[in-house]
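Here is a short briefing to read with the sequence and the model side by side. Have a look at the fold, then come back for the details.

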Amino acid sequence: MAERVLGAIVQSEMIDKSYVLTNSVEVEQLSSRFGATVIRESSLTSLGVVHESYNSVLKLALSNIYQSCAANVLIIHADLPLIETEDV
(Lines give C-alpha, C1' and ligand atoms only; values in the text may rest on other atoms or scores of the structure.)
Protein backbone atom coordinates (compact mmCIF):
# COMPACT_ATOMS: atom_id res chain seq x y z
CA MET A 1 0.00 0.00 0.00
CA ALA A 2 2.82 2.43 0.82
CA GLU A 3 4.23 1.80 -2.64
CA ARG A 4 0.98 2.96 -4.24
CA VAL A 5 0.91 6.09 -2.08
CA LEU A 6 4.55 6.95 -2.85
CA GLY A 7 3.92 6.37 -6.55
CA ALA A 8 0.98 8.78 -6.53
CA ILE A 9 3.03 11.41 -4.71
CA VAL A 10 6.10 11.30 -6.94
CA GLN A 11 3.98 11.39 -10.10
CA SER A 12 2.09 14.48 -8.97
CA GLU A 13 3.16 17.77 -10.51
CA MET A 14 2.00 19.51 -7.33
CA ILE A 15 4.70 17.93 -5.15
CA ASP A 16 8.25 19.27 -5.27
CA LYS A 17 9.80 17.04 -2.62
CA SER A 18 8.59 14.16 -0.52
CA TYR A 19 9.60 13.07 2.96
CA VAL A 20 8.85 9.86 4.80
CA LEU A 21 8.87 9.64 8.60
CA THR A 22 9.77 6.12 9.73
CA ASN A 23 11.96 3.88 11.83
CA SER A 24 11.52 0.92 9.50
CA VAL A 25 14.47 -0.17 7.36
CA GLU A 26 12.07 -1.64 4.79
CA VAL A 27 10.09 1.59 4.51
CA GLU A 28 13.33 3.57 4.29
CA GLN A 29 14.51 1.42 1.37
CA LEU A 30 11.15 1.68 -0.40
CA SER A 31 11.04 5.44 0.10
CA SER A 32 14.56 5.85 -1.26
CA ARG A 33 13.57 3.95 -4.42
CA PHE A 34 10.89 6.60 -4.97
CA GLY A 35 13.30 9.46 -4.31
CA ALA A 36 11.80 10.47 -0.98
CA THR A 37 13.91 11.93 1.79
CA VAL A 38 13.66 9.75 4.88
CA ILE A 39 13.44 11.25 8.35
CA ARG A 40 14.22 8.58 10.92
CA GLU A 41 12.14 8.87 14.07
CA SER A 42 15.22 7.79 15.99
CA SER A 43 17.12 10.83 14.68
CA LEU A 44 14.49 13.05 16.28
CA THR A 45 14.86 11.11 19.53
CA SER A 46 18.57 11.90 19.51
CA LEU A 47 17.59 15.54 20.02
CA GLY A 48 16.79 14.58 23.60
CA VAL A 49 13.03 14.92 23.28
CA VAL A 50 10.73 12.24 24.63
CA HIS A 51 7.99 11.43 22.14
CA GLU A 52 4.62 10.84 23.68
CA SER A 53 2.61 10.41 20.51
CA TYR A 54 2.60 10.27 16.74
CA ASN A 55 1.70 13.97 16.67
CA SER A 56 4.70 14.96 18.78
CA VAL A 57 7.06 13.09 16.44
CA LEU A 58 5.33 14.60 13.42
CA LYS A 59 5.65 18.09 14.89
CA LEU A 60 9.42 17.65 15.26
CA ALA A 61 9.70 16.29 11.72
CA LEU A 62 7.71 19.24 10.37
CA SER A 63 10.03 21.62 12.18
CA ASN A 64 12.98 20.05 10.36
CA ILE A 65 11.16 20.20 7.02
CA TYR A 66 10.23 23.87 7.44
CA GLN A 67 13.86 24.67 8.28
CA SER A 68 14.78 23.31 4.85
CA CYS A 69 12.74 26.15 3.28
CA ALA A 70 9.46 24.31 2.68
CA ALA A 71 6.61 26.78 2.41
CA ASN A 72 3.74 24.29 2.46
CA VAL A 73 3.41 20.71 3.65
CA LEU A 74 0.81 18.08 2.82
CA ILE A 75 0.65 15.10 5.16
CA ILE A 76 -0.44 11.88 3.47
CA HIS A 77 -0.61 8.61 5.37
CA ALA A 78 0.71 5.43 3.76
CA ASP A 79 -2.50 3.46 4.29
CA LEU A 80 -4.63 4.92 1.48
CA PRO A 81 -5.26 1.99 -0.87
CA LEU A 82 -7.30 3.95 -3.41
CA ILE A 83 -5.11 7.04 -3.79
CA GLU A 84 -4.39 8.21 -7.33
CA THR A 85 -1.99 10.87 -8.59
CA GLU A 86 -4.98 13.13 -9.31
CA ASP A 87 -5.92 12.99 -5.62
CA VAL A 88 -2.62 14.60 -4.70
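This is a predicted model: local features need pLDDT of at least 70, side-chain atom pairs count only at pLDDT 80 or more; totals for chains, interfaces and linings use all residues.

Residues are numbered from 1 along each chain as its sequence is written, and side-chain values use heavy atoms, with hydrogens and water left out. The protein chain holds four helices and two strands; these are DSSP runs numbered from the N terminus, with H or I over at least four residues for helices and E over at least two for strands.

**The chain as a whole**

- Starting at the N terminus, the order of elements is α-β-α-β-α-α.
- The radius of gyration of the protein chain is 13 Å, close to the 12 Å from the globule rule for 88 residues, so the chain is as compact as a globular protein of that length. That radius is taken over C-alpha atoms, and the rule is 2.2 Å times the number of residues to the power 0.38.
- Along the principal axes, the C-alpha atoms of the protein chain fill a box of roughly 40 × 30 × 20 Å.
- Of the 88 residues, 25% count as buried. Here buried means under 20% relative accessible area, exposed means over 50%, and partly exposed is in between, with a 1.4 Å probe and protein chains only.
- The accessible surface of the protein chain is about 6100 Å², with 52% of it belonging to carbon and sulfur atoms. These areas come from the Shrake-Rupley method with a 1.4 Å probe, and for residues only the protein chains shown count as cover.
- Looking at contacts between residues at least 6 apart in sequence, 43% join residues at least 24 apart; a contact means heavy atoms within 4.5 Å.

**Helix 1 and helix 2**

- Val 5, Leu 6, Gly 7, Ala 8 and Ile 9 are buried in helix 1.
- The buried residues of helix 1 pack against strand 1 and helix 2.
- Ser 31 belongs to helix 2, residues 25-33, and is buried with a relative accessible area of 1%.
- Not counting residues up to four places away in sequence, Ser 31 touches Leu 6, Val 20, Ala 36 and Val 38.

**Helix 4**

- The 14 residues of helix 4 (residues 54-67) should span 20 Å at 1.5 Å a residue, and the end C-alpha atoms are 20 Å apart, which agrees. The expected span is 1.5 Å times one less than the number of residues.
- Val 57, Leu 58, Ala 61, Leu 62 and Ile 65 are buried in helix 4. They cover an arc of only 135° around the axis, which puts them on the same side of helix 4; the arc is that of the directions from the helix axis to the C-beta atoms.
- Lys 59 and Gln 67 are exposed on the other side of helix 4.

**The loop between helix 1 and strand 1**

- Lys 17 sits in the loop between helix 1 (2-11) and strand 1 (19-22).
- The side chain of Lys 17 makes a polar contact of 3.4 Å with the side chain of Thr 37. A polar contact is a pair of N or O atoms within 3.5 Å; within protein, one must be able to donate a hydrogen and the other to accept it, and residues adjacent in sequence count only if both atoms are side-chain atoms.
- Lys 17 and Ala 36 are 19 residues apart along the chain, with their C-alpha atoms separated by 7.1 Å.
- Glu 13 is found in the loop between helix 1 and strand 1 and counts as exposed at 79% relative accessibility.

**The segment after helix 4**

- Ala 78 lies in the segment after helix 4 and is partly exposed, with a relative accessible area of 44%.
- Leaving aside neighbours within four places in sequence, Ala 78 contacts Met 1, Ala 2 and Val 5. The C-alpha atoms of Ala 78 and Val 5 are separated by 5.9 Å, at 73 residues apart along the chain.
- Asp 79 is in the segment after helix 4 and counts as exposed at 53% relative accessibility.
- Thr 85 also lies in the segment after helix 4, and a polar contact of 3.2 Å joins the side chains of Thr 85 and Gln 11.
- With neighbours within four places in sequence left aside, Thr 85 is in contact with Gly 7, Ala 8, Gln 11 and Ser 12.
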